[in-house]
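Please keep the sequence and the model in view while reading.

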Amino acid sequence: MEREIIHLDMDAFYASVEVLDDPSLAGKPVIVGGGRERGVVTSASYEARPFGIHSAQPVASAMRLCPHGIFLPVRMARYQQVSEIIFEIFCRFTPLVEPLSIDEGFLDVTGSRRLFGSAETIAREIRRLVREEVGLTVSAGIASTKFVAKIASDLGKPDGLVCVAHEKTQEFLAPLPITRLWGVGAVTFKALKRMGVATIGDLSRIPGERLRREFGKHGEHLHLLSRGVDPRSVEPHRPVKSMGREETFSEDLTDREALNRELLSLATKVARRVRRHGLTGKTVTLKVKYSDFELVTRSATLDTPTDDAARVYATCGDLLEKTKAGARPVRLLGIYLSRLTSGLPAGQMSLLEDEGGRERRQQLHHALDELAERFGEDAVLPGMLLDKPDR
Ligand SMILES: [Mg+2]
């Protein structure tokens with residue numbers, strides 16, 4: 001039996017929530033973005049898009065393109081609240097809900113049809129409920145595979161419903177540009193273009209062996225996708241793979257001491273976040289974006305997992321040495337912890353700590369976490385950060 005998958009994606013989610021909370025914004029170009037001058041656009045209402053506004057664009061450029069736009073800061077806590085209601089609606093129809101982000105997800109409704117009717121009926125009902133209970137619009141795509149469902153919902157935006165019958169999948173895909181396929185980035189795109197491939201239909205006519213020769217395993221995957229074959233199933237509870245924080249600075253940093261301060265601040269926040277989830281991480285990744293937007297990452301795997309800011313900070317200090325940070329001005333720093341597991345394995349404490357030291361440290365962490373919970377993250381930072389003149 002063919003699967004039936006619905007991809008649901010809220011339309012201009014953050015901007016729509018802002019309009020919902022302030023109806024006087026309806027019909028206006030609303031642009032939600034990083035609070036700072038150097039932040040990026042995270043969401044724009046459909047009224048803003050004709051001006052060339054799109055997400056990931058620097059807010060400064062958006063202000064030039066659309067000077068009369070209404071620029072609002074990101075209110076993540078509020079969007080999270082709305083997101084929870086939306087996902088609760090999705091879950092009424094199937095337990096097989098895979099969130100892709102705060103405002104979109106896949107539903108496998110193959111087994112729900114006896115109870116609720118066809119996938120199309122379910123999608124219509126969900127769209128109605130989201131409109132009535134939340135006051136927002138959600139676009140839906142229905143197909144027998146995840147990637148086709150996602151393309152379909154995108155083509156229907158905003159406020160659309162696009163249904164692709166299983167037997168019509170290839171016909172639906174054929175005229176679309178290859179950039180619609182997952183995994184076709186700039187390099188693959190150029191190589192395919194040289195082979196005379198512009199549409200998914202063109203791609204589907206290239207023999208699989210040739211794609212495999214050209215692109216290896218990735219070529220095989222592309223061959224299958226172009227024919228509408230995508231064996232990936234809807235994964236209801238995707239475990240979190242990494243946790244991290246990053247910061248774009250209002251001025252590029254070159255001073256080593258300032259860079260260290262930011263690293264310590266990030267390490268403190270990341271460690272706190274990991275502890276709050278009862279997790280520890282074994283791999284520490286440092287992300288550095290230079291002023292010319294070139295991005296480098298450096299990783300180190302610890303011998304034992306950690307949730308300790310000092311250890312994350314020390315590791316990142318070493319990793320920073322392996323970059324040109326300082327010699328080249330730095331626009332953004334980020335720290336990520338991955339290979340997460342729950343809790344510290346017994347007997348794997350640092351060799352430098354005795355049992356009592358470890359306990360004191362955990363009590364301290366606990367107290368700091370509680371303070372941060374009550375007064376906000378910036379209330380509790382290590383002493384070194386307090387010297388910072390503008391904090
Ligand atoms: Mg969306």
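Two strands are said to pair if DSSP finds at least two bridges between them. Helices (H or I, at least four residues) and strands (E, at least two) are DSSP runs, numbered from the N terminus. The model is predicted: local features need pLDDT of at least 70, side-chain atom pairs count only at pLDDT 80 or more, and totals for chains, interfaces and linings use all residues. Residues are numbered from 1 along each chain as its sequence is written, and side-chain values use heavy atoms, with hydrogens and water left out.

**Overview**

The protein chain holds 15 helices and twelve strands. Of its 391 residues, 45% are buried, where buried means under 20% relative accessible area, exposed over 50%, and partly exposed in between (1.4 Å probe, protein chains only). A contact means heavy atoms within 4.5 Å. Among contacts in the protein chain with a separation of 6 or more, 65% are between residues 24 or more positions apart.

**The three-stranded sheet**

Three strands form an open sheet in the order β3-β2-β4, and their pairing is mixed. Strands β3 and β4 are the edges, each pairing on one side only. On average, neighbouring strands of this sheet are turned by 30 degrees against each other, direction ignored. Axes here are lines fitted to C-alpha atoms, for helices over the stretch in contact, and angles run from 0 to 180 degrees between N-to-C directions. Helix α1 packs on the sheet and touches β2, β3 and β4, its direction making about 120 degrees with that of β2.

Strand β2 (residues 30–33) is covered on both faces: V30 and V32 on one side, and I31 and G33 on the other, are all buried. With β4 (residues 70–73), β2 pairs in the parallel sense over four bridges, and V32 stands opposite L72 in that strand. With β3 (residues 41–44), β2 runs antiparallel and is joined by three bridges; here I31 stands opposite A44.

In helix α1 (residues 13–21), the buried residues include F13, Y14, A15, S16, V17 and E18. The buried residues of α1 pack against β1, β2, β3, β4 and α3 (76–91).

**The five-stranded sheet**

A second open sheet has five strands in the order β5-β6-β1-β7-β8, again with mixed pairing. Strands β5 and β8 (161–163) stand at the edges with a single partner strand each, so one side of each is left without a neighbour in the sheet. Neighbouring strands of this sheet are turned by 15 degrees against each other on average, direction ignored. Strand β1 pairs with β7 (residues 138–143) in the antiparallel sense over six bridges, and I142 in β7 is the bridge partner of I6.

**The nonpolar core**

A nonpolar core is a set of buried Ala, Val, Leu, Ile, Met, Phe, Trp, Tyr and Cys residues joined through side-chain atoms within 4.5 Å. The largest one has 33 residues, and those with the most contacts inside it are I6, L8, F13, F90, L107, I126 and V130. At least two residues of this core come from each of β1, α1, β2, α3, α5 and β7. Helix α5 gives the most, with seven residues. Apart from its neighbours within four places in sequence, V130 is in contact with M10, I89, F90, G135, L136 and V138.

Donors are N, O and S atoms within 2.8 Å of the metal (3.2 Å for Na, K and Ca); water is not among the atoms, so sites may look incomplete. The protein donors of the magnesium ion are D9 (OD), M10 (O) and D103 (OD), at 2.2 to 2.5 Å from the ion. M10 lies in strand β1 (residues 5–10) and D103 in the loop between β5 (97–101) and β6 (104–108), so the pair ties together parts that are 93 residues apart in sequence. Both M10 and D103 are buried.
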